[in-house]
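Good morning, colleagues. Please look at the structure on the screen, and I shall take you through the contacts between its parts.

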Number of protein chains: 2
Amino acid sequence: MTTAPQVAALAFENIDDAVDALRARGLRLSIARRMVLELLFREADPVSAEHVGQTLGIDVASVYRNLEMLERHGLVHHVHLGHGPGLYVLVGRGEHEYLYCDRCATVTPLEPEQLDPIRDRLRRDFGYEVRFTHFPLVGLCRSCADEDRSAAVESHARHPHAH
Amino acid sequence: MTTAPQVAALAFENIDDAVDALRARGLRLSIARRMVLELLFREADPVSAEHVGQTLGIDVASVYRNLEMLERHGLVHHVHLGHGPGLYVLVGRGEHEYLYCDRCATVTPLEPEQLDPIRDRLRRDFGYEVRFTHFPLVGLCRSCADEDRSAAVESHARHPHAH
DNA sequence: CACCTTATTTGAAATTGGATGCTATAACTT
DNA sequence: AAGTTATAGCATCCAATTTCAAATAAGGTG
C-alpha cells in the first residue's frame, strides 16, 4: 500500500505500549510481528521491507503485511526517497519531512516546523494541507543548482547572444 | 525511467517543428513515433504509456521507449499523480505543476508562477530549487481537510477531556 | 488445561509498471 | 537502388508489492 495513513498517528516510547495499543484493537502479537516492531524501535532511520525481512529471516510478504497493518493503525509510516522501495519508520522515531535532490540523490531530513511557513502559504493560497512525509520535496540541492547556474554562465560566455 | 529530465525543455506548436528538431538530432520518424507524437499533440492532459499503446495499437514497450526518448530530448515530460503509472504530457501542452489530494485523489494543476513564492522560500531557507512537475505537492485538499477538522471537533464534543 | 475461533504466517504465484535483448524491418543517407 | 543503422515488435526479465490457499498459532472460553 502506498497510500497515506487515514488514521491518527500513534507514537510510543516502547514496544509494550505499542503492543497494548494493538491488542486493544483486537490484533494479535505473533513472533514475526514482535520482531518487526522490535527492529523498528531499534532503527533510527527508515528501512525497507526487504531489509527487515532479510535481517529477521522473515518472509517479505509477512513483513509487508505487518508494516502495512502497523501503518493502517498509525504506528508506522513510510516515505519514498528516490526510486527504491518504500522506507518504513516508527511514528515518533525520525518524524521528519524530507528534501530530495533528484540530481545527486542527497536526502535532507527536516524538522516539520522548518516547513511550516511553506505549509501556511499553501494553506492560504490553495486550501491545501500539505506534508512532505510521504513524498519528499524534490528538486536540486544547493550544489547541484549552483552547478547548473555556472554551466548557464559558461554557456552564455560562449554564446553571448543566445537567451 | 523515473528520473527528472536533464535537458532543456523544448516546446513546439505543431508536430512538424517537433519532427524537425528530432531529425536535427539524428533521430528517425517511424510510423509509431509519429502516431505517439500526434496523440500527445491531441491530448490536453497527461496520459499513461498504457493508454497510448492501447489507443494506437502499438506495443507498450515501444511506447515507453518513444516517450522516454522524447523526454530525454526535452519534448515530453512525465508526472506521478497518485499511485498509478507515470503520465506523459507534451512540454508546452499542460506545462503545469500539481496539487494532489491523497484522500480523494483530486488533482489541481497550477501555473508555475503560482508556486513561485513557495519556491523562493525554499531557495532562501534551504538552497533548494524545487519543482512540482514530476512529483506533485501532496496533502489534503480543502474539503478533505475541512472534513478532518469537523471530525476533530465532533470527537472533541464527545470526549471533551481528550487532547 | 483443552478447545475453538480466527488472526497470522508462509511460500508460491500473480500483478503492476517498466526495462532489455533480439531479430526483422523500415528510415534516412549517398 | 543500396547500404546503414535506428526502431518496432515480441518475448523475457525485473523490482516492488499484493494476493491466495493451506498450515499454524494467538488469545479468549469452558
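I begin with a pairing of strands across two chains: β6(A) and strand β7 (residues 137-140) of chain B run antiparallel to one another and are joined over two bridges. At one of these positions, A:V130 has B:G139 of β7(B) as its bridge partner. Please bear in mind throughout that this is a predicted model.

Let us now take the contact between the chains as a whole. Chain A contributes 25 residues and chain B contributes 25 residues. On the side of chain A that touches chain B, the elements giving two or more residues are α5 (116-126), β6 (129-130), β7 (137-140) and α6 (142-158). Helix α5(A) has the largest share of that side, at five residues. Sorted by class, the side of chain A that touches chain B holds 14 nonpolar, six polar and five charged residues.

How are the two copies related? Chain A is superposed on chain B by a rotation of 178° with 0.0 Å of shift along its axis, and the RMSD is 0.3 Å. The copies are therefore related as by a two-fold rotation axis. Which residue of chain A comes closest to the rotation axis? That residue is A:I118, whose C-alpha lies at 3.1 Å. Moreover, 100% of the interface residues of chain A are also interface residues in chain B, so the copies meet through the same surface.

Chain A has six helices and seven strands, and their order from the N terminus is α-α-β-α-α-β-β-β-β-α-β-β-α. Of its 163 residues, 28% count as buried. Among the contacts in chain A with a separation of 6 or more, 53% are between residues 24 or more positions apart.

Finally, I come to the DNA. There are 27 residues around DNA strand D, and those that come nearest are A:L29, A:A61, A:P85, B:L27 and B:A32. Which element gives the most to the surface near DNA strand D? It is α4(A), with five residues. By class, the surface near DNA strand D comprises 12 nonpolar, seven polar and eight charged residues.

Thank you for your attention.

Note on methods
Residues are numbered from 1 along each chain as its sequence is written. Chains are lettered from A and ligands numbered from 1 in the order in which they are written. This is a predicted model: local features need pLDDT of at least 70, side-chain atom pairs count only at pLDDT 80 or more; totals for chains, interfaces and linings use all residues. A residue is near a molecule or strand if its C-beta atom, placed from the backbone, lies within 6 Å of it. Helices (H or I, at least four residues) and strands (E, at least two) are DSSP runs, numbered from the N terminus. Ala, Val, Leu, Ile, Met, Phe, Trp, Tyr, Cys and Pro count as nonpolar, Asp, Glu, Lys and Arg as charged, and the others, Gly among them, as polar. Two residues are in contact if their C-beta atoms, placed from the backbone, lie within 7 Å. Two strands pair if DSSP finds at least two bridges between them. A residue is buried if 20 or more other C-beta atoms lie within 10 Å of its own, exposed if 12 or fewer, and partly exposed in between; C-beta atoms are placed from the backbone. Copies are superposed by least squares on the C-alpha atoms of residues with pLDDT of at least 70 in both.
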